[in-house]
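These are my notebook entries on a model of two chains.

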Amino acid sequence: MCSDQDEDRDLRVTITEQLLLDTEEEDMTARLDKARKLLRHLSINRIVMNNLEWNTLFEAYLKSLLIHNFIPLLALDSRARGWAGKNIIHSMIYALGVTAIYAP
Amino acid sequence: MPHNMVRLMTSLETCDESIAKQLIKGKTNQDSDPSVREAYAIIEEIFQQFGLLNYIEHKWRNQKTNKPTDGPADQNFGKEIIRHYYNTEIRFIVHGTDSLKAGNLVWIIGASLPNGEKQSKGGKATSLCSNYLAILSQQNQPLTVLKRQLTINSTYELGYFNTLSCLWKRAYENRETSAILMHQNDSAAMALKNMLNRHHYIIILRELLVQKGIRIHLATREEWSNIMSRLAPPPTMTTTTTTHQDGLDVQACNRPDVQLRHSRNQQLRIVEKFKAQRTSGLVTKTMRDICPLAEKWTNIPLGQISNQIIIMMTGLVSNGNRALVNGEVESEAKGYPGCSCNRDADRDTTSSTIHRLIRCTESTSTTVLPKRDQGLEKARAVFMERDKSATKTEVLKALTRLAMSPRDH
């Protein structure tokens, strides 16, 4: 996430690095790990079987964390968009227990 | 490849699509402050560099320019300031049908048309709001219909907005009567009744009806069906203009102003279409041989999908050395992956998994799919939801067994 407020930080002036998403922030990484583990447990224990419920969980735990919270920043930062998209799909693969196998 | 499979089966949006949707919603949200909408518009300007939004913008402009001109705009209506809170000094009360007596003149709004079907305009299905001016009669006597009209919202041709436009017109025009009769479950009537509804056009319409002294009477289902059965237009009825196929006068109205909402829904629909196009591109050749429709692959229970099924769906097959190879036939010169049997009768099939199901010399008997052509037919029928004797997961498991069993000949 962005660092503290700075008086130069204004959309009408310039877009600095402070308006870019900090993808290595510890707090967010920890929250993402927690969400992934929770979803994985739900999958292993077969608690959620319905697709609608899965989609709601993905929306609540992954998309809200990685996308909806950072819409303005993601709109400005293409690198962060790629990072968020990749993280969501990796988290879903991890949660569903699908191994990453690539075609030869 | 598993990424695409998971994306397809969960119908997951890409990050760009999610952001585009959020920006469109933020920019056109009637409930938010204008400064917030302005902020979203600024962000969107920066986001314009991204292709999807340019695509939406381009499509949206094309739609606007290609749109046929609607009926003449009603000049009497001015632009009101958008309000999100109603005037507490105005009390809006809905009445039952008890207060309506025989001999009363009433506008019946939202009645079904004589043929009982939704009307179409310009090749597009849209439910025009039909409204009858009728004299109420004693029970079981037919109602005398004096006037019959159809109303359409020139901005957004939806049944809900057509009814709102009709109410708006009734409030402003031809004061034959101050009583309006509607079904209690009509979406427009329910919106007017719901005091928590913060849409500005509902708030304004509600206050307009009160100021003009128009009373809304709501009928229960039984009362409504009774009135409808007695609603028979006289054969001598004449209409002013004949713009509709039934010879009825279609009145276009540009109020309430739902331009922002229309713009929002149209743009979101473009994003959805873009997503559908992208999703259909995720269907592999193996899957396309069974069912080319992407939406049929999205409602398979995720909890029942194993790694092996994902591998099968990506088109991989096991060969004689128990190694996984790409089972899709690229060209005859390169040979047929997975097995070496003659495929002359099977040239249309580009997937080795499907070949194993229908033509491969080894047995293709599985618990769910029968042998040869019937197996493919059944798999297709299950996926197209014509055959309920097996589930999609069972068919996928059977196909996976075929794809993963090694062929040694």
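**Entry 1: chain B as a whole.** I looked up the secondary structure and found 14 helices and eleven strands in chain B. Both are DSSP runs numbered from the N terminus: helices are H or I with at least four residues, and strands are E with at least two. The model is predicted; local features need pLDDT of at least 70 and side-chain atom pairs count only at pLDDT 80 or more, while totals for chains, interfaces and linings use all residues. Residues are numbered from 1 along each chain as its sequence is written, and chains are lettered from A and ligands numbered from 1 in the order in which they are written.

Next I checked burial. A residue is buried if 20 or more other C-beta atoms lie within 10 Å of its own, exposed if 12 or fewer, and partly exposed in between, with C-beta atoms placed from the backbone. Of the 409 residues in chain B, 32% are buried. I then turned to contacts, meaning two residues whose C-beta atoms, placed from the backbone, lie within 7 Å. Among the contacts in chain B with a separation of 6 or more, 68% join residues 24 or more positions apart.

**Entry 2: chain A as a whole.** Chain A has four helices and zero strands, and its elements run α-α-α-α from the N terminus on. Buried residues are 24% of its 104 residues. Residues 24 or more positions apart supply 57% of the contacts in chain A with a separation of 6 or more.

**Entry 3: confidence in chain A.** I looked up pLDDT, the predictor's confidence in each residue, from 0 to 100. Chain A averages 77, and 76% of the residues score at least 70. Within chain A, confidence is lowest in H3(A), with a mean of 82, and highest in helix H1 (residues 26–44), at 90. Residues 1–13 of chain A have a pLDDT below 50, and this stretch has 14 contacts in the model beyond near neighbours in sequence. Residues 100–104 of chain A also stay under 50; the model has twelve contacts for them beyond four places in sequence.

**Entry 4: where the chains touch.** How many residues does each chain bring to the contact? I found 29 residues from chain A and 29 residues from chain B. On the side of chain A that touches chain B, the elements giving two or more residues are helix H2 (51–66), helix H3 (71–76) and helix H4 (78–96) of chain A. H4(A) provides the largest share, seven residues. I sorted this side by class: 22 residues are nonpolar, four polar and three charged. Here Ala, Val, Leu, Ile, Met, Phe, Trp, Tyr, Cys and Pro count as nonpolar, Asp, Glu, Lys and Arg as charged, and the others, Gly among them, as polar.

**Entry 5: nonpolar cores.** A nonpolar core is a set of buried Ala, Val, Leu, Ile, Met, Phe, Trp, Tyr and Cys residues joined through C-beta atoms within 7 Å. The largest has 58 residues, and those with the most contacts inside it include Leu74(A), Met92(A), Met9(B) and Leu399(B). This core draws at least three residues from each of domain 1 (12–68 + 263–280) and domain 3 (285–404) of chain B; the bounds come from an automatic or database domain assignment. Apart from it lies another core of 35 residues, among them Leu143(B) and Val250(B). I also looked up Met9(B): leaving aside neighbours within four places in sequence, Met9(B) is in contact with Trp297(B), Thr298(B), Ile300(B), Leu302(B) and Ile305(B).

Entry 6: Helix H7 (residues 200–211) of chain B has twelve residues and reaches 16 Å from its first C-alpha to its last. That is close to the 16 Å expected at 1.5 Å a residue, the expected span being 1.5 Å times one less than the number of residues. The buried residues of H7(B) include Tyr201(B), Ile203(B) and Leu209(B). The buried residues pack against helix H5 (159–172), helix H6 (187–193) and strand E8 (215–219) of chain B.

Helix H11 (residues 307–314) of chain B has six of its eight residues buried, so it is largely enclosed by the rest of the structure. After H11(B) comes Gly315(B), with a positive phi near 105°.

Entry 7: Ser11(B) is not a glycine, yet has a positive phi of about 45°. Ser11(B) lies in the loop between helix H1 (2–9) and helix H2 (15–27) of chain B.
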